[in-house]
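User: Could you take me through this one, beginning with the sheet and then moving on to the rings?

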Amino acid sequence: KSFAKALEGKSEPRNWRKATYYRYWMHMAHRHNNPAHFGVRTKKHKLIFYYGADYKQPNRYYENTPVAWEFYDLEKDPKEMHNRYEDPAYAKVIAKLKKELIRQREEFDETDNDYPHIQAIINANWGD
């Protein structure tokens, strides 16, 4: 679906997607030094889960990195400088975004059923 009109500042279509899922699979690959993660972004917020493991076992490029969550209020912090994941004021928003993450991962067949070592990390660190 084209988002060209939105970039031009025109009205969004009625059926416009409210959240976008993304995933970075290449754990610490090619000197980018980015841990494997996935997340969801809306106009106002971004939620990211760093599971920090390569999908292949053993890791091809680098050892596992620590698991971490990040959450940003993009209206108050557009440069994503302040991780608000632990801030109780955002607990309801974070819970809603986690549900959206699950929904989109299932919609796009992005579950980790074929990678039980990654699914185990997700299960152990998902929280409520």
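Analyst: Two strands pair if DSSP finds at least two bridges between them, and strands (E, at least two residues) and helices (H or I, at least four) are DSSP runs numbered from the N terminus. This is a predicted model, in which local features need pLDDT of at least 70 and side-chain atom pairs count only at pLDDT 80 or more, while totals for chains, interfaces and linings use all residues. Residues are numbered from 1 along each chain as its sequence is written, and side-chain values use heavy atoms, with hydrogens and water left out.

User: OK, what is the strand order in the open sheet?

Analyst: The order is S1-S2-S3-S4, an open sheet of 4 strands with antiparallel pairing. S1 and S4 (68-73) are the edge strands, each pairing on one side only.

User: How many bridges join S1 to S2?

Analyst: There are 5 bridges between S1 (residues 20-24) and S2, with threonine 20 having arginine 41 as its bridge partner in S2. Arginine 41 in turn has lysine 46 as its bridge partner in S3, and a hairpin of 3 residues joins S2 to S3.

User: Is S2 enclosed or open?

Analyst: Strand S2 (residues 37-41) is largely enclosed by the rest of the structure, because 4 of its 5 residues are buried, where buried means under 20% relative accessible area, exposed over 50% and partly exposed in between (1.4 Å probe, protein chains only).

User: Switching to rings, how many aromatic pairs turn up in the whole structure?

Analyst: The search finds 12, where rings of Phe, Tyr and Trp (its six-membered ring) pair if their centres lie within 6.5 Å, and planes under 30 degrees apart count as stacked, over 60 as edge-to-face and the rest as tilted. Among them is the edge-to-face pair of tyrosine 55 and tyrosine 115, at 5.8 Å centre to centre with 85° between the planes. Tyrosine 55 is in the loop between S3 and S4 and tyrosine 115 in the loop between H2 and H3, so this pair ties together parts 60 residues apart in sequence.

User: And are those two buried or partly exposed?

Analyst: Tyrosine 55 counts as partly exposed at 23% relative accessibility, and tyrosine 115 is partly exposed with a relative accessible area of 25%.

User: What about phenylalanine 71 and tyrosine 90, what kind of pair do they form?

Analyst: Their pair is tilted, with 5.1 Å centre to centre and 50° between the planes. Phenylalanine 71 is buried at 0% relative accessibility, and tyrosine 90 is buried at 11%.
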